[in-house]
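Colleague: I have the sequence and the model open side by side. Can we walk through what was computed from the coordinates?

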Amino acid sequence: MKINNAFLQWAIDGADPKTGQKEWEDRMVALRRENVQKPVVFIGTGTCGLGAGAAFTLEKIRQYLEKNAIDADIVEVGCIGLCVEEPLVDVQLPGRCRLMGKTITQDKVDEFLKAVFAGETPKGLTLAQFKTDGLEPWDGVKFQDEHPFFGPQTRWVLRNCGVINPASLEEYLARDGYRGLKKVLSTMSGEAVCKEIEQSGLRGRGGGGFPTGMKWKFAFAQKDPQKYLVCNADEGDPGAFMDRAVIEGDPHRLLEGMAIAAYAIGADKGYIYIRAEYPLAIERLKHAIAEAEANNLLGEKILGTDFSLKMIIKMGAGAFVCGEETALIHSMEGERGEPTVKPPFPAESGYLGKPTNVNNVETYANVPVIFLKGPEWFSSIGTEKSKGTKVFALAGKINNVGLIEVPMGITLREIIYEIGGGIKGGKKFKAMQTGGPSGGCLVEKHLDTPIDYENLSAAGSMMGSGGMIVLDEDDCMVSVAKYYLEFTVEESCGKCVPCRVGNKRLHETLEKICEGKGTEEDLPYLKNLSNVIKDTSLCGLGQTSPNPVLSTMEYFWDEYVAHVTTRTCPSGKCKALMTYTIDPAKCTGCTLCARNCPVDAIAGEKREPHVIDQTKCIRCGACYDKCKFSAINVQ
Amino acid sequence: MSTTTTSITAGVKEILSAHPEAKRDSLIPILQEIQEKQGFLSREAVVEVGKALNLPVSKIYGVATFYNQFRFAPQGKYHIQVCRGTACHVKGSAAVLDSLKRELKIDSGETTRDGLFSLEVVACIGACGLAPVINIDGNFHANLTSQKIPGIVNQYRKQG
Ligand SMILES: Cc1cc2nc3c(=O)[nH]c(=O)nc-3n(C[C@H](O)[C@H](O)[C@H](O)COP(=O)(O)O)c2cc1C
Ligand code: SF4
Ligand code: SF4
Ligand code: FES
């Protein structure tokens, strides 16, 4: 855990080959894996990897290496982003480029490793390879920057995720880690740090997009000698996992960013408020904090200066509203996580009544590179008012489900059709929901709009924390709105009436419409009520919760109308509006449907046409999916 | 689970002794530790915490019931978490949940009478690439359909 101090100092001063010893140089090459002495097998054991069976794969890899007496290192890494191809296993052999394998489930380990250790490309099991000068590439494998998923990305925040061992401070150091902090502590005042952040144009990645430099300045200007720094790692959007991946894959980047921020505003305690549902991320954080403290990069008198910072982990207890900063602070204080009116802003009166700066994980993770490369460099990417990159969690009806980082200003089309590999099953794109339960949807006409904070708001959606859910022609937009409202009703803290009661009424009305009991009057009612809730709710949850309704109504008005007039669901999703019947002319009486019906609603003799008992049928669609003769009709 | 009242209280006391000067802001961490060790928050445990922190029991329930994480009844032998995150939703998690409820004859947040299964709805568990997913005691079951549910449940039933 304790790293040779002279080596550490040399590394954070920029690892200049002229001042380093030979031994340090070699160590650097090894840590950066510019080449390796013996084979290294990397396996992604982030939550998504484990979900796909990475633990079994790992066990198989161990067995294989042992059985074949191969001397190799095994390194567990975080998520590189292509979740749908998990388990991801990379191998780097001495003198050769790092080869990325895909979907290496336990049964494929032998085949994959056998080919790799024989120096041959394992057919059908590779994703890409890293490009490293001087190393021999693999035949027939694309380089990462030519790969459709990785090529168009700009990975700053995720640069190390899935590449380095998150449990090794040394590996982070070898990739310019803590150089930003060193520079700040040795050459800059707190005020100057705030100013550079302001110049960089960095804006909050937690949803609102508030300019980070301004926020820090505000906290800096407070006179109270006791200030706190808080990292919001609550990640409550039910379709987002960016923050988790950053913490699991590169925890020191967050810690370094927080240390710089704490120095800038003058805080000596840093709290990370993280969801208890992220056990692996919490474990990795704990380890990283301990390692940074052991090497004087956190804790007392950091790097020999007068600046001290104690890092403390606070586990959230599962409440979406606790992502709102005032609610988060109340939760940290041991209260119910209910928001309070701003002002006062946390910067004036936050945790325990003291000035407190709250930022999102990704916001802090952007900070180190700004001091490494300068604010101009950072602001060279992006649109006029949105600088840098944004990490998105891409999911839903898309081929490449995963985590991506793209420059601000990229278009939806590039994200969906290049990086995302298009819509699943060749279906037609219908909408992309961004901003989770607070956001709205983007549709076909937005495909070529550059994505930034302004354009998303103008389209009636929002950047949010970065969840992107792709919907195809089979999705019913009324029921998508209903899904989000179900979530907000559940998560509303109940403190103010418009949100507590209003959202419930919204949800009931949507439910009624989806059950085919809606009327035309319901539509203007939904609209009015939505606007009232937006205008009168106390906190951001209520102020944004009707967005999914308003935005789907704006772009898919016809669908709402169909539900309430002809009582049909154009995408065939709303169960209550469907009837399943069997076409006696096509039914061969094979009994397959009857055997698959979960509620025994289908009756009929063998080789005789079957019938569905409508009073029993729960409209699950199983018979429709199973019938080999297209004899089941849906209406 | 046959944890007796005295052993619950003793366990809580032990946890509290690790927080000697606990103040209000330690309440949630203490409750989390108790749940982690004892599986749920029993009345006895809550009373004990109230005494130690000098807080009314009603206040503690006020906080504990606010958060989704806290449970007030023991879990089943197999704890099933159903992801209802957005990615799982658009791939049909509602049908999966319905099927589980039908199969187990309980609602989410409940435990079956034989104490074998408990059911919980959670938001994104980070395996969206495998949607829809459920997690049974740390094991993921991926790409589910409602038809696959009875088989999975029976597999656990057989293990008893
Ligand atoms: C209902 C609600 C939920 C929120 N959830 C989160 C969250 O999960 N993570 C987050 O960083 N910010 C969340 N926010 C935004 C925070 O209130 C706050 O603006 C943010 O943490 C500030 O950090 P930033 O400036 O770095 O974005 C949420 C806001 C609201 C109203
Ligand atoms: S808007 Fe909703 S979540 Fe926010 S304070 Fe009001 S009731 Fe609570
Ligand atoms: S839709 Fe489902 S419940 Fe209805 S008949 Fe078909 S299989 Fe049975
Ligand atoms: S939405 Fe289910 S795992 Fe993400």
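**Pockets, strands and ligand shells**

Colleague: Which element gives the most residues to the lining of the second largest pocket?

Modeller: Keep in mind that this is a predicted model. Among the elements that give two or more residues to that lining are helix H9 (212-220), helix H10 (242-249) and helix H21 (540-544) of chain A. The top contributor is a strand, with five residues: E9(A).

Colleague: What volume does the second largest pocket have?

Modeller: Its lining counts 45 residues, and among the closest to the centre are A:Gly206, A:Gly208 and A:Gly323. A:Glu324 and A:Glu325 also belong to that closest group. The volume is about 1,300 Å³.

Colleague: How many residues of that pocket's lining are polar?

Modeller: The lining of the second largest pocket has 16 nonpolar residues and eight charged ones. The polar class holds 21.

Colleague: Is strand E14 of chain A largely enclosed or open?

Modeller: Strand E14 spans residues 467-472 of chain A. A:Gly467, A:Ile469 and A:Leu471 point one way, and A:Met468, A:Val470 and A:Asp472 the other way. Buried means under 20% relative accessible area. Six of the six residues are buried, so the strand is largely enclosed by the rest of the structure.

Colleague: Which residue of E14(A) is the bridge partner of A:Gly396?

Modeller: Look at strand E10 (residues 389-396) of chain A. E10 pairs with E14(A) in the parallel sense, over four bridges. The partner of A:Gly396 is A:Val470.

Colleague: And which residue stands opposite A:Met468 in E14(A)?

Modeller: Here the neighbour is strand E12 (residues 429-434) of chain A. E12 and E14(A) run antiparallel and are joined by five bridges. Opposite A:Met468 stands A:Thr434.

Colleague: Which residues come nearest to ligand 2?

Modeller: There are 13 residues around ligand 2. By class, that shell divides into eight nonpolar, four polar and one charged. The nearest are A:Cys493, A:Lys495, A:Cys496, A:Cys499 and A:Cys539.

Colleague: How many nonpolar residues are in the shell around ligand 3?

Modeller: Ligand 3 has 13 residues around it, and A:Cys597, A:Cys617, A:Cys620, A:Gly621 and A:Cys623 come nearest. One residue of the shell is polar and one is charged. The nonpolar count is eleven.

Colleague: Where in chain A does A:Pro344 lie?

Modeller: Start with the backbone. The peptide bond from A:Pro343 to A:Pro344 is cis, with omega near 0°. A:Pro344 lies in the loop between helix H13 (325-332) and E9 of chain A.

Colleague: What is omega for the cis peptide bond between B:Ala131 and B:Pro132?

Modeller: B:Pro132 is in a loop of chain B. That loop runs between strand E2 (117-122) and strand E3 (134-136). Omega is about -10°.

Colleague: A:Lys301 has a positive phi. What is its relative accessibility?

Modeller: Phi of A:Lys301 is near 40°, and the residue is not glycine. A:Lys301 sits in the loop between helix H12 (279-294) and strand E8 (310-316) of chain A. A:Lys301 counts as partly exposed, at 46%.

Colleague: What is phi for A:Leu352?

Modeller: A:Leu352 is in the loop between H13 and E9 of chain A. At 45% relative accessibility, A:Leu352 counts as partly exposed. Phi is positive, near 50°.

Colleague: What distance separates the centres of domain 1 and domain 4 of chain A?

Modeller: The domain assignment gives domain 1 as residues 32-146 and domain 4 as residues 477-564 of chain A. The centres are taken over C-alpha atoms. The separation is 47 Å.

Colleague: And between the centres of domain 1 and domain 2 of chain B?

Modeller: In chain B, the assignment gives domain 1 (3-66) and domain 2 (78-159). Again the centres are taken over C-alpha atoms. They are separated by 30 Å.

Colleague: Last one: how far apart in space are A:Ile265 and A:Thr132?

Modeller: A:Ile265 lies in helix H11 (residues 251-265) of chain A. A:Ile265 is buried, with a relative accessible area of 2%. In sequence, A:Ile265 and A:Thr132 are 133 residues apart. C-alpha to C-alpha, the distance is 40 Å.

Methods. Residues are numbered from 1 along each chain as its sequence is written. Chains are lettered from A and ligands numbered from 1 in the order in which they are written. This is a predicted model: local features need pLDDT of at least 70, side-chain atom pairs count only at pLDDT 80 or more; totals for chains, interfaces and linings use all residues. Side-chain values use heavy atoms; hydrogens and water are left out. On a 1 Å grid over the protein atoms alone, a cavity is a set of points where a 1.4 Å probe fits but cannot get out, and a pocket is an open set with protein on both sides within 12 Å along at least five of seven lines; lining residues have an atom within 4 Å of a point. Grid points are joined across faces, edges and corners, and a volume is the space filled by probe spheres set on the points. Ala, Val, Leu, Ile, Met, Phe, Trp, Tyr, Cys and Pro count as nonpolar, Asp, Glu, Lys and Arg as charged, and the others, Gly among them, as polar. Domain bounds come from an automatic or database domain assignment. Buried means under 20% relative accessible area, exposed over 50%, partly exposed in between (1.4 Å probe, protein chains only). Two strands pair if DSSP finds at least two bridges between them. A residue is near a molecule or strand if one of its heavy atoms lies within 4 Å of it.
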